[in-house]
Amino acid sequence: MSMLARTAARARLHESEFARDVIAGLSARPKWLWAKYFYDDHGSQLFEQITALPEYYPTRTELGILEDRAAEIARFIPTGAALIEFGSGSTAKARIVLRAAAVAAYVPVDISAGFLASEAARLSRDLPNLRILPVAADFTKPFALPAAIRTRPRVGFFPGSTIGNFEPSQAAEFLRHAARLLGAGAHFIVGIDLVKDQRVLEAAYDDAAGVTAAFNLNLLRRINRELGADFDLERFRHKAFFNRPQHRIEMHLESRAAQSVLVCDRVVPFAAGETIHTESSYKYTVESFQALAAQAGWSPAAVWTDPKRYFSLHALRLA
Ligand code: SAH
Ligand code: AVI
């Protein structure tokens with residue numbers, strides 16, 4: 001490749017939406033990045049490892065609720081419906097619903113395109129009679145559902161408390177967007193992590209094995225690889241804490257020293273101790289989530305929790 005062609009290729013790379021978002025976030029005070037960018041192939045695999053950690057209670061708690069309540073949940077899913085899952089990941093939770101309900105088509109939607117394709121292929125080997133229509137998309141933006149489900153009743157599925165990774169105003173906007181996509185009379189099954197003891201919360205986001213730290217730092221590795229930046233991962237540390245007034249876990253990457261990093265040909269300075277806010281994970285009460293959903297037109301139809309009230313699963317109905 002000639003020098004001119006290399007320069008043009010680099011300029012194109014720096015004009016991508018990912019590059020624009022990274023530059024905007026690292027130019028802001030305080031610095032921040034969108035959590036959706038955690039999920040490249042490696043990020044998706046690290047998230048799967050997180051779900052198996054002893055400290056990370058949300059996945060096993062929600063799986064328990066789904067197993068215990070599968071028959072009740074299935075009553076909200078009409079025969080022949082299309083089940084549309086937002087942020088499907090490994091599809092482990094959908095598998096429980098798909099076993100319990102007479103779903104005709106499953107539409108997993110995920111931003112992590114490679115991981116989505118391999119998980120959809122694995123599911124189709126396990127459930128050969130189910131129509132699986134994966135959609136690789138950013139669900140914060142408008143996207144089209146497959147034409148094949150046009151005439152089917154639609155049920156939304158959004159487990160994992162992934163909605164907690166939105167700011168509450170973005171969560172309300174997302175719920176409005178989901179209402180438009182799913183249509184009048186639709187049901188939406190949504191998993192929500194609940195406010196609880198601070199030690200339980202903080203351990204879940206700062207595990208002893210360091211998997212969550214690796215997940216957080218992988219974002220810098222991705223920026224290095226995809227945008228040609230020169231973050232030295234050894235010079236940043238993972239930080240996670242519960243911000244009680246805001247009801248959210250915050251994850252940050254803290255600079256261990258004063259340093260400069262080159263990102264898209266720009267010099268990004270860091271003071272020692274300065275952080276990049278990489279994720280918020282909002283925790284709700286059953287009532288505060290129902291109030292948020294109501295802002296977007298969703299009424300509560302049922303709610304299930306585990307005996308410790310760590311996690312809640314909501315069936316919402318579009319009025
Ligand atoms: N539903 C699974 C996975 C949760 S992890 C579970 O409950 O265990 C969050 C998932 O949402 C990941 O698979 C990630 O790739 C996806 N995701 C995050 N932000 C997204 C976005 N903006 N658009 C589409 N998918 C997104
Ligand atoms: C996907 N999401 C709901 C996870 C959470 O708990 O906020 C992401 C995560 N971040 C660190 N650990 C898990």
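A residue is near a molecule or strand if one of its heavy atoms lies within 4 Å of it.

## Basis of the report

This is a predicted model, in which local features need pLDDT of at least 70 and side-chain atom pairs count only at pLDDT 80 or more, while totals for chains, interfaces and linings use all residues. Residues are numbered from 1 along each chain as its sequence is written, chains are lettered from A and ligands numbered from 1 in the order in which they are written, and side-chain values use heavy atoms, with hydrogens and water left out.

## Ligand 1

Around ligand 1 there are 18 residues, of which Gly 87, Lys 93, Asp 110, Asp 138 and Phe 139 come nearest. By class, this shell holds six nonpolar, seven polar and five charged residues. In this grouping Ala, Val, Leu, Ile, Met, Phe, Trp, Tyr, Cys and Pro count as nonpolar, Asp, Glu, Lys and Arg as charged, and the others, Gly among them, as polar.

Several polar contacts can be listed; a polar contact is a pair of N or O atoms within 3.5 Å, and within protein one must be able to donate a hydrogen and the other to accept it, with residues adjacent in sequence counting only if both atoms are side-chain atoms. A polar backbone atom of Gly 87 is 2.7 Å from a nitrogen atom of ligand 1, and a polar side-chain atom of Glu 85 lies 3.5 Å from a nitrogen atom of the ligand. An N or O atom in the side chain of Lys 93 is 2.7 Å from an oxygen atom of ligand 1. Taken alone, ligand 1 exposes 570 Å², and the protein buries 94% of that. Accessible areas come from the Shrake-Rupley method with a 1.4 Å probe; for residues, only the protein chains shown count as cover.

## Ligand 2

The shell of ligand 2 has 14 residues, and Tyr 56, Asn 165, Tyr 205, Glu 279 and Ser 281 come nearest. It is made up of seven nonpolar, six polar and one charged residues. Helices α3 and α9 and strand β12 (275–282) each supply at least two residues of this shell. Helices (H or I, at least four residues) and strands (E, at least two) are DSSP runs, numbered from the N terminus.

A nitrogen atom of ligand 2 is 2.7 Å from an N or O atom in the side chain of Glu 279. On its own ligand 2 has 340 Å² of accessible area, and the protein covers 97% of it.

## Helix α3

Which residues of helix α3 are buried? In this helix (residues 41–51) they are Gly 43, Ser 44, Leu 46, Ile 50 and Thr 51. They lie on the same side of α3 because they cover an arc of only 160° around the axis; the arc is that of the directions from the helix axis to the C-beta atoms. Buried means under 20% relative accessible area, exposed over 50%, and partly exposed in between (1.4 Å probe, protein chains only).

The buried residues of α3 pack against α4 (57–74), α6 (113–126) and α9 (211–227). Contact here means heavy atoms within 4.5 Å. Ser 44, at 4% relative accessibility, touches Tyr 39, Ser 112 and Phe 115, not counting residues up to four places away in sequence.

## Backbone features

Most residues other than glycine have a negative phi, and most peptide bonds are trans. A cis peptide bond joins Arg 29 and Pro 30, with omega about -5°; Pro 30 is in the loop between α2 (17–27) and β1 (31–32).

Thr 91 has a positive phi, near 65°. Thr 91 lies in the loop between β2 (81–86) and α5 (92–100) and is buried, with a relative accessible area of 2%. Ser 161 also has a phi near 65°. Ser 161 sits in the loop between β6 (154–158) and α7 (168–182) and is buried at 4%.

## Two further serines

Ser 280 is in strand β12 and counts as buried at 6% relative accessibility. Its side chain makes a polar contact of 3.0 Å with the side chain of His 277. Leaving aside residues up to four places away in sequence, Ser 280 touches Gly 164, Asn 165, Glu 167, Arg 248, Ile 249 and Glu 250.

Is Ser 124 buried or partly exposed? Ser 124, in helix α6, counts as partly exposed at 35% relative accessibility.
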